[in-house]
Amino acid sequence: FVGLCFEMGGAREQMLQWYEKAGEIGHRFYLPYLKLAKAAHSAAQFEKAKIHYQTAIECLLEMSESEQDQVILGSAYTNLTSCLTMLHRYPEAEKAWKAAQQYPAQPGADATAAILYAAMGNPEKVAEHIAQLQIKFPAWVAQTRAMTQQILNGTHPAFPQ
């Protein structure tokens with residue numbers, strides 16, 4: 001709760017410190033782990049983010065299943081897919097993506113899959129997911145198409161061939 005108070009007050013660093021502290025006691029509430037995962041993900045600390053996403057998912061799976069939990073699970077699995085892709089762990093990333101498909105997806109989730117399949121060298125799957133993105137979240141199509149082309153061409157710095 002102290003972490004949440006700092007978050008509400010806009011003190012991000014203190015928020016993260018208290019969420020980390022809460023994790024040291026081994027609680028089983030998903031939210032602090034998810035907040036830590038998203039912070040690490042946005043800081044390109046993909047290994048750390050992966051661990052926190054996995055813990056958040058475990059906690060969510062232990063809870064009673066509400067409709068909101070289902071949406072959060074879909075999002076957490078999608079974000080885990082992104083981290084695993086950036087870590088070049090493609091079979092694990094694809095497994096996480098398939099798990100995400102069991103839950104409601106966010107409109108931009110297909111961008112994550114397109115990037116995964118580009119990294120795996122599968123232009124057909126990339127095209128499928130960009131087509132879905134065009135329907136569900138067209139604002140992300142141009143950026144996703146550009147990134148996947150760079151990955152497929154071997155010119156993206158995070159995915160050299």
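Start with the whole structure: a search of this predicted model turns up zero disulfides. Keep that in mind as you pick out the cysteines.

**First stop: Cys 59.** Select Cys 59 and show its side chain. Its sulfur lies 17 Å from the closest cysteine sulfur, which belongs to Cys 83. A disulfide would need the two sulfur atoms within 2.5 Å, so this pair is too far apart for a bond.

**Second stop: Cys 83.** Now hop over to Cys 83. Looking back from here, the closest cysteine sulfur is the one in Cys 59, 17 Å away and too far for a bond. Cys 83 counts as buried too, because its relative accessibility is 0%.

Select residues 67-86 for helix α5 and residues 90-100 for helix α6. Their axes come within 8 Å and cross at roughly 165 degrees, which means α5 runs roughly antiparallel to α6.

**Last stop: where the two helices touch.** On the α5 side, show Gly 74, Tyr 77, Thr 78, Leu 80, Thr 81, Leu 84 and Thr 85. They meet Tyr 90, Glu 92, Ala 93, Ala 96, Trp 97, Ala 99 and Ala 100 in α6. Color this contact by residue class and you get nine nonpolar residues, four polar and one charged.

How values were computed: Residues are numbered from 1 along each chain as its sequence is written. This is a predicted model: local features need pLDDT of at least 70, side-chain atom pairs count only at pLDDT 80 or more; totals for chains, interfaces and linings use all residues. Side-chain values use heavy atoms; hydrogens and water are left out. Axes are lines fitted to C-alpha atoms, for helices over the stretch in contact, and angles run from 0 to 180 degrees between N-to-C directions. Helices (H or I, at least four residues) and strands (E, at least two) are DSSP runs, numbered from the N terminus. Angles under 35 degrees count as roughly parallel, over 145 as roughly antiparallel, 65 to 115 as roughly perpendicular and the rest as oblique. Contact means heavy atoms within 4.5 Å. Ala, Val, Leu, Ile, Met, Phe, Trp, Tyr, Cys and Pro count as nonpolar, Asp, Glu, Lys and Arg as charged, and the others, Gly among them, as polar. Buried means under 20% relative accessible area, exposed over 50%, partly exposed in between (1.4 Å probe, protein chains only).
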